[in-house]
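Subject: Structure for you to look at

Hello,

Here is the structure I promised to pass on. Please open it beside this email and follow along.

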Amino acid sequence: MAFFILSSIFIAVLTFLLHAIYNRRQKLKLRAKIGLDGPEPHWFLGNLKDIIDRTTLMGYNNAHDWHLEMRKKYGDRYAIFFGQKLDIFLCNEDDIKEVFIKNFSNFSDRGVIEIFRETKLNASLLQNTYATGWKHTRSAIAPIFATGKMKAMHETINSKIETFLEILKEKSESGEKWDIYDDFQGLTLDVIGKCAFAIDSNCQRDRNDVFYVEARKFFHNIDLRHSPLVSTSVMIPELMWLWKFLYKFTGLASAELPLVDGLDDVYERRRGGEGSDSVDLLKLLLDREDDKTKGMTKQEVIENCFAFLLAGYETTSTAMTYCSYLLSKYPEVQQKLNEEIEETKRTKQGGLNYDSIHQMKYLDAVYKETLRYYPPVIHFISRTCLNDITINGQFYPEGCAVTVQANTVHRNETNWENPDEFNPDRFLDTNEDRSSTTQLKWIPFGVGPRYCVGMRFAEMEFKTTIAKLIEKFELSIIKGEPDLIPDCNGVIMRPKDPVRLNLKLRK
Ligand code: HEM
């Protein structure tokens, strides 16, 4: 009897393995079949093998260099296997326009790693699909980021920036070296905590602040290098039921719970009338909830506010860190920006306020060039092909992912003159390249109808912070400190090591 049971198990496992191996081999033939090239895939890991080989741990370090190399080697269309899944990368403007804009109905959904479907984000813009109501959610959310609303929220953000500057002053006077990236992260967490979670945290000053600790725990766990289960689920999708079951016991699951519960609590208090005079994203969403045609359910409101934390915290802090570093490295650019700030203070009533900051042309050029030079989000402009389709002679099979890497577009010499040079002047009125932001050559916020909904919020926070930072301090590189190296945690390209700068109070 025991022999019979054991041999049945053995035969079942063997059949499963042979079937899985056969399936993999078949899937790995797809790229050649559709006439695309790319790095040779490993029979079991696909090109995850290349990703692993480039890192000491599982993750995507050097992803941007790797893609620049691939573009040079395979051309403007190439493909890799993310595990078994075919991921087609596009670098050419015409292909990007056809797929992401003209054929949006066939590419409306973002490709989401299957196990992330277990997170509390499925009803949010980050993960919802056309079939599950993306269009409805997007049209309910987009108006809360309109210019008028951003202006109203400016004051809230300003007070957080004041705290940030005070902290920098204290640190610069202490004479010690410190990591300015950490302070930018404290600032953007404080801002998004206030604007999306309606929490008045003390996270800039107190690293034991509950919101700070919980949010950081969540971000630590969402980094693929700290989540072996996520990587394993990509490598062995055949056992997805098992990975989904195990997900409940991961650090990621336990880290998101208190944050979502906190939002639930604030939601109920707001519904009960508390905080009716505050101006924040939650309030704006709740107001829309009262509008019958745009109504969002409680789950949608909570999951979208949670998504704002996810999408708005590391992205903006990383962008501002890159900007501070670049301004330190290029003092002539910083000098020009400071002159514009002084000029604005002298000539505009109210000095540096929402309106005057948004009229500053050189600041705008610095903002755009920073995001061109170092786009913080490099693995998220991605869509799933819903049905087989041929575009510009290229066949896209149902189920494949199609991705655009901002970096390969931004560092492409056919799009930009001297793409590896940091030069904000290329965005000034007098220069013809300025129009490139309206074409598909400048895409730090994505492409087509599904571009970043928080773009205006990010722009306001970035420009206000950088203008006030440069108004107060002269930044410079500390002699002997290593150059900044961008590193990638799966989605965000951020500085690998602490960013230490000299800050000198201006007179
Ligand atoms: C410098 C800062 C930021 C950068 C570089 C950035 C970049 C991006 C990118 C590349 C996408 C994907 C777009 C696509 O697939 O075409 C995205 C989507 C998104 N971002 Fe941002 N983002 C930033 C800040 C923010 C902020 C502050 C918020 C909210 C407060 C936000 C909320 C979102 C949301 C909700 C989506 C999903 C939109 C949808 O699928 O409809 N982002 N962002």
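Strands β1 and β2 form a hairpin, with 2 residues between them. Gly83 sits in the turn and has a positive phi of about 70 degrees. Strands here are DSSP runs of E with at least two residues, helices are runs of H or I with at least four residues, and both are numbered from the N terminus. This is a predicted model, so local features need pLDDT of at least 70 and side-chain atom pairs count only at pLDDT 80 or more, while totals for chains, interfaces and linings use all residues. Residues are numbered from 1 along each chain as its sequence is written, and side-chain values use heavy atoms, with hydrogens and water left out.

Back to the strands. Two strands pair if DSSP finds at least two bridges between them. Tyr78 stands opposite Phe89 in β2. β2 also has a parallel partner: 3 bridges join β2 to β6, residues 401–403. There, Asp87 stands opposite Ala401 in β6.

Is β2 mostly covered or mostly open? Strand β2 (residues 85–90) is mostly covered, with 5 of its 6 residues buried. Buried means under 20% relative accessible area, exposed means over 50%, and partly exposed lies in between (1.4 Å probe, protein chains only). Phe81 belongs to strand β1. Phe81 is buried too, at a relative accessible area of 1%.

Next, the ligand. Which residue donates to its iron atom? Cys452 is the only protein donor, through SG at 2.3 Å. Donors are N, O and S atoms within 2.8 Å of the metal (3.2 Å for Na, K and Ca); water is not among the atoms, so sites may look incomplete. Cys452 is in the loop between α19 (406–410) and α20 (455–472).

There are 29 residues around the ligand, and Arg110, Arg138, Arg383, Arg450 and Cys452 come nearest. A residue counts as near if one of its heavy atoms lies within 4 Å. The shell divides into 20 nonpolar, 5 polar and 4 charged residues. Ala, Val, Leu, Ile, Met, Phe, Trp, Tyr, Cys and Pro count as nonpolar, Asp, Glu, Lys and Arg as charged, and the others, Gly among them, as polar.

Now look at the oxygen atoms of the ligand. A backbone N or O atom of Leu125 lies 3.1 Å from an oxygen atom of the ligand. For Val447, a backbone N or O atom is also 3.1 Å from a ligand oxygen atom. The elements giving two or more residues to the shell are α6 (134–141), α14 (298–312), α15 (314–329) and α20.

On to the aromatic rings. How many aromatic pairs does a search of the whole structure find? The search finds 19. Rings of Phe, Tyr and Trp (its six-membered ring) pair if their centres lie within 6.5 Å; planes under 30 degrees apart count as stacked, over 60 as edge-to-face and the rest as tilted.

Take Phe145 and Phe308. Their pair is edge-to-face, with 5.4 Å centre to centre and 90 degrees between the planes. Phe145 lies in the loop between α6 and α7 (147–174) and Phe308 in helix α14, so the pair ties together parts 163 residues apart in sequence. Both Phe145 and Phe308 are buried.

Then take Tyr367 and Phe462. Their ring centres are 5.0 Å apart and their planes stand at 65 degrees, so this pair is edge-to-face. Tyr367 is in helix α18 (residues 361–373) and Phe462 in helix α20, so the pair links parts 95 residues apart in sequence. Tyr367 is buried at 3% relative accessible area, and Phe462 is buried at 1%. Elsewhere, Tyr322, Tyr330, Tyr373, Tyr374 and Phe422 form one aromatic cluster.

Last, two backbone angles. Asn392 is not a glycine, yet its phi is positive, near 50 degrees. Asn392 lies in the loop between β4 (389–391) and β5 (394–396) and is partly exposed at 37% relative accessibility. Asn418 is not a glycine either, and has a positive phi of about 40 degrees. Asn418 lies in the loop between α19 and α20 and is partly exposed at 46%.

Best wishes

Conventions. A polar contact is a pair of N or O atoms within 3.5 Å; within protein, one must be able to donate a hydrogen and the other to accept it, and residues adjacent in sequence count only if both atoms are side-chain atoms.
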